[in-house]
Amino acid sequence: MALATRVPSNMETAGFLPQQWTAKTIDAAENELVCWDAFDTDQWRTDLKKGARLYIPLTTHITAIEVVVGTIGSAASASTDITSGQTAKYIDIDKWVEAPHDIDEMSDLQTQVSWQGKIQKEQGYAIAKYMDTVINTLFSSLGTTACSDGTTLSDDLLLEMTETLNEADVPNSERSLIIDPSGLRDLMAFDKFISSQYTSTGAVTSGVIGKSLYGATVRVTNNLVASAIGAYAVLAHKLALGGISQMQTAWAEDHKSYHITRYNIEALFGVQELRDSYGVNFLTRKK
């Protein structure tokens, strides 16, 4: 008696046509990462250690005094440091994160996709998104909150926050307005925001939007920290917040007993508020 030939299950369900993988992949949706670069961040240092504390010199204002012949003028320190007796700013390197990913040998062999390149792209994005979100947690403590939760972003609100920064002698350059999609929707009702008279790039093209609005570059992200109704957004100068980071060298390790290869990348970083008066936080209309 002839033995029956066993057809593989993947051929049975596909009408005796073998199933195959394609070299194309559908990449994951990604948020715009814009907040880390908006502030005084030192990217990719090579000398950081977990738990280290980095002191940051901050200049202080000096008041001119009238010359009095026969006397020595009273001097003031122009900076804050760990020896001047003044309060110094520092950043603790207290965040250590990784983005490990395992791929089994069979998947790696049977597909035409370069999984290593795809994985490393996603890992780099995962680390950057984590850093972006952590620095956003400092928004709620900057300056004073300019409005109640769930407020529509209006021209009057922007002018009020701009006035607050101006009264605090915050430089007009290097300011950012960081909002979520609901804030962008509100801005789209402003003629001065979308009109070609005010902006050279027209409608929205990326997370960093066109020209500045009242001296601030408009940045849009989905990574803001949520409040009860909306999220904590900010109008702030670059020097309001600081961050330092170090991306470790990516590595791969074969685990033959488990038939997998682990790809991983790590980062050390820390963030800190530097100048409280250099920012004003506000709450967006919705999450």
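Reader: Where does Thr221 sit?
Author: Thr221 is in the loop between strand S10 (216-220) and strand S11 (232-237). Helices (H or I, at least four residues) and strands (E, at least two) are DSSP runs, numbered from the N terminus.

Reader: And what kind of model is this?
Author: This is a predicted model, where local features need pLDDT of at least 70, side-chain atom pairs count only at pLDDT 80 or more, and totals for chains, interfaces and linings use all residues. Residues are numbered from 1 along each chain as its sequence is written, and side-chain values use heavy atoms, with hydrogens and water left out.

Reader: Back to Thr221: buried or exposed?
Author: Thr221 is buried, at a relative accessible area of 2%. Buried means under 20% relative accessible area, exposed over 50%, partly exposed in between (1.4 Å probe, protein chains only).

Reader: What does the side chain of Thr221 have 3.0 Å from a polar atom?
Author: The backbone nitrogen of Asn223. Separately, Leu33 is 188 residues away from Thr221 in sequence, yet their C-alphas are 6.6 Å apart in space.

Reader: Switching to H4, which residues are buried there?
Author: Leu157, Leu158, Met161, Thr162 and Leu165. Down the axis of H4 they fall within an arc of 130°, so they line one face of the helix. That arc is taken from the directions from the helix axis to the C-beta atoms.

Reader: What's on the other side of H4?
Author: Asp156 and Glu167, both exposed.

Reader: What comes after H4?
Author: Asp169 follows H4 and has a positive phi, near 60°, though Asp169 is not a glycine. Most residues other than glycine have a negative phi. Asp169 is exposed, with 62% relative accessible area, and belongs to the loop between H4 and S8.

Reader: Where is His259, the other non-glycine with a phi of about 60°?
Author: His259 lies in the loop between strand S13 (251-255) and strand S14 (260-264). At 47% relative accessibility, His259 is partly exposed.

Reader: OK, the largest nonpolar core: which residues touch the most other members?
Author: Phe39, Leu177, Ile179, Leu187 and Phe282, out of 47 residues. A nonpolar core is a set of buried Ala, Val, Leu, Ile, Met, Phe, Trp, Tyr and Cys residues joined through side-chain atoms within 4.5 Å.

Reader: What does Leu177 contact, leaving aside neighbours within four places in sequence?
Author: Its contacts (heavy atoms within 4.5 Å) include Leu158, Leu187, Val234 and Phe282. Apart from that core lies another, of eight residues, among them Leu48 and Ile244.

Technical notes
Polar contact = N/O pair within 3.5 Å; in protein donor to acceptor, adjacent residues only side chain to side chain.
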